[in-house]
Amino acid sequence: MAEKSINKKRYTIATLGSHCSLQVLKGAKDEGFRTLLVCEKSRLGLYKRFNFIDDMIVVDKFSEILEHFCQKRLEQTNSIIIPIGTLVAYMSTEQIESIASPFFGNKWILRWESDRMLKQKLMEESKLKTPKSVKSKNEIEKLCIVKLHGAAGGRGYFLVWNKKTFEEGAEKLIERNVINSEDELYIQEYVTGVPAYLQYFYSPLTNEIELMGVDRRYESDIDGLGRIPSKQQLGLDLEPSYNVVGNIPLVLRESLLAEVYAMGEKFVAAAKRLIPPGMTGPFCLEGVYDREGKFTTFEFSARIVAGTNLYVEGSPYSDLIFAEPMSMGRRIARELKIANKKGRINEVIT
Ligand code: AMP
């Protein structure tokens, strides 16, 4: 990993205006950093409302972050970029890796989040229980969920139980120009139970894992289907989607927590082996608890997730660790502050 030599006088914390940027920049401000938002023109009206945003680079599209004027401003302001879901959703791995400014955490691991095959590899290396991925539509034998690549936020996902239902679903996505061919889809066995999103922070400075919160997602229209009586459901020719519209807080049975920490530790250890310097900072294990209370991880996010927006004032879990309100955004800024003070900034940026 190339060492970044950046001016140590004063850092700015920067991110893109979407996803969890408000929480990230509020946390940065609380820790005494200057803040910068790369903001799309269409969203200026929203972000101008918040006085913890010191500076903005206004763009037509987020991809302009790759252009010289934008990179120059980030450099001049001594910015450290906090990667968020928007970055992963709207930019290719190559584009992300070409950004010259330093990133908080490990920017190389974002490739492993975007690529389904690498994602599966890291989950297997972590020895997490995962749903079987189904190699071809001819091998679909039970209920499966079909996904798009990248952080699509559940949009366009559909359920299938044989080759025919897969082909019908894929055909609809092709007609709507969401995909060009069936090869762009990823088939995974469906896990029954209740979904839970485990939000962690790993500090390379202390070598500790912190559980910062848990949430579940509120997804349209799968979470709305239960509001329709079965008779009407049967009459609807509806393909449910899993588009996230918000997040709901969750606390787990305390007896589940030991396993939650164990899973986080296995994930961090595997990431260290496969993708140096490893899983620095926030990450999320996303899965389903079955009726025995066993967790199957169907996804991970290798950066801050939007479910942490619930806990701007801290969560029932962060409150057990910190004597002050600690959002994930603030935790990131705290890590940067401590690393900077100790002359260890290169251990928390790439
Ligand atoms: P994701 O984008 O992978 O987080 O998935 C979006 C939503 O799809 C999740 O919040 C779950 O509701 C659902 N989901 C994804 N994978 C599975 C799975 N293997 N089994 C059951 N539900 C799943």
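Student: How far does a polar side-chain atom of Tyr 157 lie from an oxygen atom of the ligand?

Tutor: A polar contact is a pair of N or O atoms within 3.5 Å; here a polar side-chain atom of Tyr 157 lies 2.9 Å from an oxygen atom of the ligand. For Glu 299 the corresponding distance is 2.8 Å, and an N or O atom in the side chain of Glu 219 is 2.3 Å from a ligand oxygen. Keep in mind that this is a predicted model, in which local features need pLDDT of at least 70, side-chain atom pairs count only at pLDDT 80 or more, and totals for chains, interfaces and linings use all residues. Residues are numbered from 1 along each chain as its sequence is written, and side-chain values use heavy atoms, with hydrogens and water left out.

Student: Why does the ligand lie between two domains?

Tutor: Domain bounds come from an automatic or database domain assignment; domain 2 (114-128 + 193-340) and domain 3 (133-189) both give residues to the shell around the ligand, so the ligand lies between them.

Student: How many disulfides does a search of the whole structure find?

Tutor: A disulfide is a covalent bond between the sulfur atoms of two cysteines, and it is assigned to a pair of cysteine sulfur atoms within 2.5 Å. The search of the whole structure finds zero disulfides; the sulfur of Cys 70 has its closest cysteine sulfur in Cys 39, 11 Å away, which is too far for a bond.

Student: Is Cys 70 buried or exposed?

Tutor: Cys 70 counts as buried (under 20% relative accessible area, with a 1.4 Å probe and protein chains only), because its relative accessibility is 0%.

Definitions and conventions:
A polar contact is a pair of N or O atoms within 3.5 Å; within protein, one must be able to donate a hydrogen and the other to accept it, and residues adjacent in sequence count only if both atoms are side-chain atoms. Buried means under 20% relative accessible area, exposed over 50%, partly exposed in between (1.4 Å probe, protein chains only).
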